[in-house]
Amino acid sequence: MNTQLETWGRTGIMPYHTENYTPFHVDYEYLRWVQPLLDQPPKKGRNTPGHEFFGTVQMEFDLTKGFPLMTTKSMPMKTIATELVWMLSGNTNVKWLNEKKVKLWDEWADGNGNLGPIYGKQWRNWDVFQFVPRHAENTEWVPDEYKKYSIDQIKNLIEEIKRAPHSKGMLVSAWNPADLALDKVKLRSCHPFFQCSVSADENYLSMKMYQRSGDFFLGVPFNIAQYALLLSMLAQVTGYKPGRLIVTESSAHIYENHVEQMKLQLKRTPKVLPTLHLNTNITDIFEFKPEDVEIRNYDPHPKIKGDITV
């Protein structure tokens with residue numbers, strides 16, 4: 001037994017279909033956690049109880065071995081790409097998504113389609129208020145003021161990858177405590193930050209994404225594919241090849257209304273991973289469009305439906 005399997009044995013988490021286990025394959029990495037999750041006692045939730053691991057689940061995907069798009073159920077890659085392009089644009093209104101027939105965020109939008117300062121806002125326009133003192137030359141009272149400006153985290157990330165590839169600070173945050181405290185955000189970020197790293201040989205760009213809350217049936221497979229796509233886009237515009245994607249789940253949970261769907265997925269055998277092809281003419285990440293993203297050789301099992309738990 002190899003070291004990795006010995007580790008699983010010690011933790012009680014054995015891989016799904018052990019005899020055929022393929023390292024870094026998205027279905028195997030993901031499905032090996034399902035039965036241990038289902039074995040956890042249900043935990044009360046805001047609306048729907050769920051089976052939860054806290055601080056336990058971590059998955060790793062090697063993008064050189066295929067794109068981590070689930071094969072044990074069909075995944076909507078066009079929707080995944082459309083939402084990512086929307087977030088990268090800084091948009092926080094669902095109207096653009098609705099025009100593309102994407103309804104992912106409709107449950108949380110207000111009457112005008114606004115979601116508050118969610119991912120796109122924090123990624124591209126993080127507000128900063130700088131204290132600027134005013135000094136009066138006469139006896140009149142002149143108040144101090146705050147100068148407002150914004151930080152484009154994605155632009156800064158790309159510049160740092162190019163300028164200082166061995167930096168340990170290439171991190172983007174969507175978790176803004178001020179906006180959360182003021183109750184501006186319609187839905188708190190489920191994946192609040194990610195960090196990039198360039199390999200020692202300077203050939204590969206890798207990423208680690210932290211997810212505070214992972215709906216294991218619906219959200220997590222979607223998020224894995226979306227961050228793999230983001231990593232691939234970042235790698236292309238900075239001159240690297242996409243390397244590893246590591247996903248850490250703080251609260252991984254299977255809602256009660258998804259249990260039967262997960263049991264069905266466990267019965268399916270993973271297939272060969274597809275490949276991702278991006279429009280190679282694009283050198284600016286903000287110029288990507290959904291149609292610039294193509295998945296080839298994708299032959300998944302049928303879609304498994306499940307309701308969003310709000």
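Biologist: Which residues of α4 are buried?

Modeller: The buried residues of α4 are Met77, Ile80, Ala81, Thr82, Glu83, Leu84, Val85, Trp86, Met87 and Leu88. Buried means under 20% relative accessible area, exposed over 50%, and partly exposed in between, with a 1.4 Å probe and protein chains only. This is a predicted model, in which local features need pLDDT of at least 70 and side-chain atom pairs count only at pLDDT 80 or more, while totals for chains, interfaces and linings use all residues. Residues are numbered from 1 along each chain as its sequence is written, and side-chain values use heavy atoms, leaving out hydrogens and water.

Biologist: Why is α4 described as largely enclosed by the rest of the structure?

Modeller: Because 10 of its 12 residues are buried. Helices (H or I, at least four residues) and strands (E, at least two) are DSSP runs, numbered from the N terminus.

Biologist: What do those buried residues pack against?

Modeller: They pack against α5 (95-99), α6 (119-124), α7 (153-163), α9 and β11 (293-296), where contact means heavy atoms within 4.5 Å.

Biologist: And what comes just after α4?

Modeller: Gly90, which takes a positive phi of about 90 degrees.

Biologist: Changing topic, how many disulfides are there?

Modeller: The structure holds 0 disulfides, a disulfide being a pair of cysteine sulfur atoms within 2.5 Å.

Biologist: Is Cys196 buried or exposed?

Modeller: Cys196 is buried, at 1% relative accessibility, whereas Cys190 is partly exposed, with a relative accessible area of 22%.
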